[in-house]
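Hi,

Here is the structure I promised to pass on. My notes follow below it.

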Amino acid sequence: METELPAFPRTPACVGALAVAENYCSIALLNHFLRSYVWAAAYGSREGVPYDAELLYVGSLLHDIGLVPEFDNHALGFNDASGHVAYVFATGAGWPAARRKQLVDVVLSHTWDVVDVDVHPEGFLLERSTSMDISGQHMDDFTAEFKADVLRRLPRAGIATEFLACFRDQAERKPTSSPAKALRDGIADRILDNALDR
């Protein structure tokens, strides 16, 4: 099955997105971003899902950036805030309007219940990978050996505790936000019971 981790793309936008994530995120959140790309790219490659590696990588590195204090929005949930940051980043990277919108769609769709792989392949892959990394879904997508290799290279570093604290903070301040809804739907138990942390 899987034997090697997917390579990280190194376009100027990818390098810039990594620099942003490294500057603003804890190691736990940064590693979550990088693992999200690895899970998504590995699954997409194996299952024959055609995806744009640059778009998926930049989306992976910005999809939760709205959780960090510097990009926290006073009214919007982290996913919407992250979408705005992604748009600004893509504009600064010189991406045309259509590609900027694609990136925003990738970021926003990672929290949707259902993402159409034919319409948003990168969003589909990111939703699947982040669901696995945060709440332990789709664990059968990869072998135990592959998961262990990814976690060895990109340790969890307390992501469950940190992520849940961010969600609870957002929910308290923004009761109509997506984190508030997710907590009402029982995401806390799934986060704390994620097999990747055992």
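How much space lies in the largest cavity? About 40 Å³, and the structure holds 1 cavity of 30 Å³ or more. This is a predicted model, where local features need pLDDT of at least 70, side-chain atom pairs count only at pLDDT 80 or more, and totals for chains, interfaces and linings use all residues. Residues are numbered from 1 along each chain as its sequence is written, and side-chain values use heavy atoms, with hydrogens and water left out.

A cavity here is a set of points on a 1 Å grid over the protein atoms alone where a 1.4 Å probe fits but cannot get out, and lining residues have an atom within 4 Å of a point. The lining of the largest cavity consists of Trp 39, Ala 40, Tyr 43, Leu 125, Arg 128, Ser 129, Met 132, Asp 141 and Phe 142. Two or more of these residues come from each of α2 (27-47) and α6 (121-135), with α6 giving the most, 4 residues. Helices are DSSP runs (H or I, at least four residues), numbered from the N terminus.

Now to a helix pair. The axes of α4 (residues 78-92) and α5 (residues 97-109) come within 9 Å and cross at roughly 155°; axes are lines fitted to C-alpha atoms over the stretch in contact, with angles from 0 to 180 degrees between N-to-C directions. That makes α4 roughly antiparallel to α5 (angles over 145 degrees). On the α5 side, the contact (heavy atoms within 4.5 Å) is made by Arg 100, Leu 103, Val 104, Val 107 and Leu 108.

Best wishes

Key
On a 1 Å grid over the protein atoms alone, a cavity is a set of points where a 1.4 Å probe fits but cannot get out, and a pocket is an open set with protein on both sides within 12 Å along at least five of seven lines; lining residues have an atom within 4 Å of a point. Grid points are joined across faces, edges and corners, and a volume is the space filled by probe spheres set on the points. Angles under 35 degrees count as roughly parallel, over 145 as roughly antiparallel, 65 to 115 as roughly perpendicular and the rest as oblique.
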